[in-house]
Amino acid sequence: MSATISTTGRVVTRFAPSPTGYLHIGGARTALFNWLYARRHGGEFLLRIEDTDRARSTQDAINAILDGMRWLGLDWDGDAVFQFERAARHAEIARAMVANGHAYRCYMTADEIAAQRAEAEAAKQPLRIRSPWRDRDVADGPAGQPFVVRLKAPREGATTIDDRVQGSVTVQNIELDDMVLLRSDGMPTYMLAVVVDDHDMGVTHVIRGDDHLNNAFRQSPIYDAMDWPKPVHAHIPLIHGADGAKLSKRHGAVGIEAYRDELGILPEALGNYLLRLGWGHGDDEIIAREDAVRWFDLDAVGKSPSRFDGKKLDNLNGHYVRQADDARLAALVASRIGMNDTNLLTRAMPVLKVRAANLNDLAEGARFLFAVRPIEPDEAAVGLLAGDAPALLAALHGALDAAPSWDTETLEGAVRRMAEERGVKLGQAAQPLRAALTGRKTSPGIFDVLVLLGREESLARIADRMAA
């Protein structure tokens with residue numbers, strides 16, 4: 001059963017990934033732009049899984065796409081549509097186009113097509129199939145022979161698309177080919193399925209990468225053949241690496257789940273970063289999702305490719321880490337370090353997140369809280385525990401043990417007095433103390449560390465390093 005395109009004037013956008021791989025950065029930005037445009041205009045954002053490539057489509061990839069979109073907060077309206085399940089509808093339209101004279105059955109053999117391809121290559125021209133069956137009567141077809149259904153593309157005039165991003169673009173119709181709509185096994189091609197699905201789903205705005213701009217011209221005759229209204233097109237430039245080359249794995253173009261699981265990026269940070277890749281609102285860099293919904297429009301999408309910069313993403317993520325709820329961060333970090341004590345992590349977050357750029361930094365910074373005595377110092381901390389350090393730690397142990405209360409102000413006062421009595425600077429006392437308490441050369445403020453570890457654990461860790 002087919003739907004009809006909305007006549008209410010309501011905006012309907014869609015994201016249509018192919019589950020032959022995971023949700024990547026470019027796809028996530030396309031989904032975000034479609035989501036924002038629909039939400040800005042009070043419309044609908046639909047999801048279609050284009051799984052017609054049965055050999056390469058996987059359930060794992062489908063799950064990763066859905067999971068990645070949920071993680072980014074890109075909720076879709078209604079149920080996801082699976083393109084393969086609509087094959088019968090696509091074939092129905094192909095047959096209708098044959099009946100109305102806008103498509104034809106082509107019985108060309110593989111050898112005949114190969115000959116045309118060789119001829120085109122010799123002339124250094126793109127292959128444009130010229131089928132002898134284009135204008136033949138359907139009844140002339142050889143009975144029982146396999147055939148494909150081809151579009152009867154226009155050969156005269158030109159097609160113009162007024163693209164919301166690229167502007168007015170015109171292609172001469174002679175450049176269009178009689179593309180296959182229905183394969184010899186009766187299965188529809190991607191080019192047909194996309195048009196039928198967009199029409200039936202009521203899509204009013206097709207926002208996608210500009211690598212699909214040529215497809216818009218090839219798909220236009222299908223709309224004309226069926227007398228269907230055409231959607232508004234907006235083809236957004238692709239994302240490039242920092243070196244200006246097309247974004248690839250060597251630039252860090254990995255699936256969204258890698259940014260979440262391996263790089264420790266927060267979804268609001270990645271969403272903000274993707275928003276600014278090709279779209280802007282004045283000089284604003286930090287843009288909350290609710291502001292993005294109010295401000296987003298296609299007029300502010302640039303025509304030039306954007307450059308992905310991992311350092312900028314990390315810096316932006318650091319901002320969102322510092323703004324994030326401590327209990328939320330604690331839960332995320334606890335799972336990364338295999339600890340269940342989120343109470344201690346929550347208390348530690350205000351001092352841990354000050355310099356953290358991502359969840360990995362937070363996790364690394366929090367490990368000392370759960371270290372088992374005697375803790376093993378890393379290579380940088382070993383030197384801080386040598387020489388006069390044991391004697392200094394013994395003096396620090398006595399001063400801290402005598403502290404009347406265990407708070408940062410009292411502890412700082414005790415350490416300062418001990419340092420003055422021994423004629424050393426505060427930093428000279430703090431360095432071995434930090435190494436003894438955390439096993440690291442760097443950590444949050446040393447007095448915060450003492451409070452977080454508590455009196456008993458702190459004194460025990462110092463005592464472990466007092467022996468020469």
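Author: Start with classes: Ala, Val, Leu, Ile, Met, Phe, Trp, Tyr, Cys and Pro count as nonpolar, Asp, Glu, Lys and Arg as charged, and the others, Gly among them, as polar. This is a predicted model, where local features need pLDDT of at least 70, side-chain atom pairs count only at pLDDT 80 or more, and totals for chains, interfaces and linings use all residues. Residues are numbered from 1 along each chain as its sequence is written, and side-chain values use heavy atoms, without hydrogens and water.

Reader: What makes a space a cavity, and what makes one a pocket?

Author: Both are sets of points on a 1 Å grid over the protein atoms alone. In a cavity, a 1.4 Å probe fits but cannot get out. A pocket is open, with protein on both sides within 12 Å along at least five of seven lines. Lining residues have an atom within 4 Å of a point.

Reader: Which residues line the largest cavity?

Author: Y104, R105, Y107, W133, R136, D137, V138 and G141 do. Its volume is about 40 Å³.

Reader: Why does that lining divide into four nonpolar, one polar and three charged?

Author: Tyr, Trp and Val count as nonpolar, Arg and Asp as charged, and Gly as polar, so the lining divides that way.

Reader: Which residues lie nearest the centre of the largest pocket?

Author: H24, G26, G27, D211 and H212, among 32 lining residues. The pocket holds about 830 Å³ of space. The lining has 15 nonpolar, 10 polar and seven charged residues.

Terms used
Points joined across faces, edges and corners; volume = space filled by probe spheres on them.
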